[in-house]
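User: Can you walk me through this one? I'd like to hear about the helices and then the domains.

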Amino acid sequence: MDKDILILGIESSCDETAAAVVKNGHEVLSNVIYSQIDIHTEYGGVVPEIASRKHIEKIDRVILKAIKDAGVTKDDIDAVAVTYGPGLVGPLLVGVSAAKAYAYGLDKPLVGVHHIEGHIAANYIEHPDLKPPYLCLVVSGGHTHLVRVKDYDDFEILGFTQDDAAGEAFDKVARAIGLGYPGGPKIDKVSKQGNPEAIDFPRAKVGNSKYDFSFSGVKSAVLNYLNAAKMKGEEIVCEDVAASFQQAVVDVLVDHAISCACDLGENMIAIAGGVASNSSLRATFMEEGKKRGIEIVYPSPIFCTDNAAMIACQGYHEFVRGRRAGLDLNAVPALKIGERAY
Ligand code: KG4
Ligand code: ZN
């Protein structure tokens with residue numbers, strides 16, 4: 001029997017300070033997340049400078065708690081994996097610096113992980129049978145990508161958004177209808193009381209690839225609808241606007257992913273990123289997947305939004321393939337999927 005491999009994961013690319021210990025790339029021994037959402041809600045979005053300062057304040061305690069909760073010691077850790085991009089440069093630097101300090105102090109290898117590749121790897125936690133190749137729809141606050149996961153560390157982008165990311169559209173529309181930040185979970189909740197067919201918002205088809213996305217049109221359509229209704233003195237049913245907007249976004253995401261899977265003969269689609277926790281997206285995917293004989297998998301909500309367990313999972317696969325970062329590892333705010341900057 002091979003020796004177990006324990007990875008300490010660290011994540012700080014946006015407004016969550018997180019650390020986790022994961023065994024053999026899928027067994028989560030601890031998952032500590034300090035969310036700054038309450039602080040940023042006041043400003044209607046993430047303020048990078050405030051996020052950086054909070055990360056500095058919290059990161060050491062979060063890491064120590066992750067090791068303690070896992071019931072292991074620092075010496076038991078085999079490697080330290082950290083998000084080094086993409087994300088906000090200040091917040092990323094805090095995690096990268098902490099990871100370097102731990103790796104150096106404990107004399108353990110350091111692995112840099114791509115944040116979005118981490119989101120994809122979150123699927124291995126509850127689906128240990130999931131193995132590449134498969135298709136993954138990544139839908140987060142900053143990314144909307146249809147990716148072919150050829151191997152654990154080999155990704156081909158088949159489609160991506162030409163403008164806003166899906167989560168970004170959720171956040172902007174939520175702000176316009178007065179739900180506040182973060183918009184996605186709030187739209188998801190109020191949509192349950194609304195009629196998704198009340199307003200026919202556009203389902204855009206754009207870009208060079210038929211798998212590309214665009215969400216700025218649907219966002220503008222919602223803003224125009226709200227302005228027109230206000231000018232005419234018509235009542236705005238917030239629940240119906242939210243549900244109809246959500247349905248328009250979900251229809252496009254599911255349609256593109258399913259037609260891509262059918263074209264390529266793939267029988268497995270994984271969903272990843274914060275928007276993957278959307279209840280309508282999950283339900284529509286399950287329904288359409290069932291009709292076409294395509295298996296749909298997604299992580300539990302806690303592993304969809306930013307966390308360090310997913311970073312440790314991806315870190316494991318990079319570690320066993322021999323990837324090692326030096327102590328000169330830097331934050332790369334615009335790191336592309338599949339790109340290796342060290
Ligand atoms: O993956 P994530 O935590 O951070 C990024 O890497 O961007 O995703 C955050 C995004 C936000 O835009 C948030 O509004 C959205 O995910 N989100 C949701 C839901 N939960 C989070 N969007 C729709 N429905 C949800 N239930
Ligand atoms: Zn994320």
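**Helices and domain contact**

Analyst: Of the 27 residues of H9, 20 are buried, so this helix is largely enclosed by the rest of the structure. Buried means under 20% relative accessible area, exposed over 50%, partly exposed in between (1.4 Å probe, protein chains only). Helices (H or I, at least four residues) and strands (E, at least two) are DSSP runs, numbered from the N terminus.

User: Is this predicted or experimental, and how is it numbered?

Analyst: This is a predicted model, where local features need pLDDT of at least 70, side-chain atom pairs count only at pLDDT 80 or more, and totals for chains, interfaces and linings use all residues. Residues are numbered from 1 along each chain as its sequence is written, chains are lettered from A and ligands numbered from 1 in the order in which they are written, and side-chain values use heavy atoms, with hydrogens and water left out.

User: What follows H9?

Analyst: Gly 265, with a positive phi near 70°.

User: And which residues of H6 are buried?

Analyst: In H6 (residues 166-176), they are Ala 166, Gly 167, Ala 169, Phe 170, Asp 171, Val 173 and Ala 174. Among the elements they pack against are strand E7 (144-151) and helix H9 (238-264).

User: Switching topic, what are the domains?

Analyst: The domain assignment, automatic or from a database, gives domain 1 (6-122 + 307-320) and domain 2 (132-298). Their contact (heavy atoms within 4.5 Å) takes 15 residues from domain 1 and 16 residues from domain 2.

User: How far apart are the C-alpha centres of the two domains?

Analyst: The centres of domain 1 and domain 2 lie 27 Å apart.
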